[in-house]
Amino acid sequence: MRRFISIILAPLLLLSLTGCFGPPVDPDTVQESIQVIAMDTPMLISTYGRRSTAAAYASEDLIRDLESRLSRTEADSAVSRLNRGETVEPDEDLTTLLRLASCFRDRTGGAFNIGVAPLVSAWGFTTDHNQVPAPSEISRLLKVVEETALQESPEGLTLGPDQAIDLGGIAKGYAADKLADLFREYEIPRAMAQLGGNVLAWGDRPDGTAWRVGVQDPARPGEQNAFAGILNLKNAFAVTSGGYQRYFEESGKRYHHIIDPATGYPADSDLTSVTVVADCTYDDCVGTLCDAFSTAFFIMGEEEALDGWREWQEESPSFFDLVLITEDGRVVVTQGLAESFTLDEGSGYTLEIVS
Ligand code: ADP
Ligand code: MG
């Protein structure tokens, strides 16, 4: 019996001794991971460092709080109240998002437009009762969308009759910006946050190498690890928009959830996906911009997207870069990502670096 006890105790003792006297644990590699389903999206957040657990739980609270105030499917959110015709006094987040949305609308020639909400609803993307609206209904709603404007009064903001806004094209990017602020506040040395197609690669990996962010092959949407290529990134936002994840089919035709405000129909450009990558170390809503631009460039198509990128290159060189996947089988990468992007050789795409 004594021998039996010593056999059990020996490994326990060894364990406790190595706990006390073993090699010190590097606090920057201590990790916490949480999964959250919010904003209609599965999210995965992994934080590292001494305060990784506190930061992970604070991240979840932050996302749930933003969702409760910004979602148009939460009946009591400020956005839902605006959409019901109520006058709303916007809080700081909503004020920022509305200002940014208006700026992005101007900078994308109207392709990014939160006023597109009535059309998104008509196609059934807020209720999952998808349908192809009648052409006359689309024409009517295009007029509503075109005229959408927030009226300001001392009591707050109000939308006109039938008008509505949808922050679905920027809310996750904004959440990623807020997560970056939170990681700064908690002094998190490294983290990986995947909010659906919005990725925040904070710092580097525990071994000092870059985070590896897969760019999904839009032709194989259901397959895990079916990538067109991999981005090696440190301290970056990488936001992807495409028509391959949220869609329905009717009469053999596929209809996805990114609506072209010029036609009222799902965007039908020569692109199947757009990824926008930018530095996440500025404290300045860059994640929100990436989210808006990935949606807008997907609508605009290859030529206009590259024109848009070149315009920004002149103003602020290397502010953001793009990975465009075209319908004719090319992956077009802007020069700032030439070293970071690796094509998956088995994907069948050809790589083009552009400047
Ligand atoms: P996801 O939300 O799937 O990551 P996006 O960021 O591209 O994809 O945003 C798509 C969402 O944005 C839609 O579900 C809808 O709520 C909204 N939306 C659709 N078309 C537009 C548009 N032209 N401008 C702004 N928002 C849009
Ligand atoms: Mg977007």
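Helices here are DSSP runs of H or I with at least four residues, strands are runs of E with at least two, and both are numbered from the N terminus. This is a predicted model, in which local features need pLDDT of at least 70, side-chain atom pairs count only at pLDDT 80 or more, and totals for chains, interfaces and linings use all residues. Residues are numbered from 1 along each chain as its sequence is written, chains are lettered from A and ligands numbered from 1 in the order in which they are written, and side-chain values use heavy atoms, with hydrogens and water left out.

Zoom out. The C-alpha trace spans about 85 × 50 × 45 Å along its principal axes. Of the 355 residues, 50% count as buried. Buried means under 20% relative accessible area, exposed means over 50%, and partly exposed lies in between (1.4 Å probe, protein chains only).

**Stop 1: the β1-β2 loop**

Select M39 and D40. M39 lies in the loop between β1 (31-38) and β2 (41-48), and D40 is found in that loop too. Check the backbone angles. Phi of M39 is positive, near 50 degrees. D40 has a positive phi of about 60 degrees, although it is not a glycine. Most residues other than glycine have a negative phi. M39 is buried, with a relative accessible area of 13%, whereas D40 is exposed at 60%.

**Stop 2: salt bridges**

A search of the whole structure finds 20 salt bridges. A salt bridge is a side-chain nitrogen of Lys or Arg within 4 Å of a carboxyl oxygen of Asp or Glu. Select D65, R69, D91, D93 and K178; salt bridges link them in a network.

Next, pick D166 and R72. Their closest N and O atoms are 3.1 Å apart in a salt bridge. This pair links distant parts of the chain, 94 residues apart: D166 is in the loop between β4 (156-158) and α7 (171-185), and R72 is in the loop between α2 (52-70) and α3 (78-83). D166 is buried, at 16% relative accessible area.

**Stop 3: R330 and its partners**

Centre on R330. It forms a salt bridge with E302, with the closest N and O atoms 2.8 Å apart. R330 is in strand β14 (residues 330-334) and E302 in helix α9, 28 residues apart. Both R330 and E302 are buried.

E352 is partly exposed, at 29% relative accessibility.

S273 counts as buried, at 0% relative accessibility.

**Stop 4: helix α8**

Select residues 286-300. At 1.5 Å times one less than its number of residues, the 15 residues of helix α8 should span 21 Å; its end C-alpha atoms are 20 Å apart, which agrees. Of its 15 residues, 15 are buried, so α8 is largely enclosed by the rest of the structure. Step on to G301, which follows α8 and has a positive phi near 90 degrees.

**Last stop: D307**

Select D307 in helix α9 (residues 302-315). D307 is partly exposed, with a relative accessible area of 39%.
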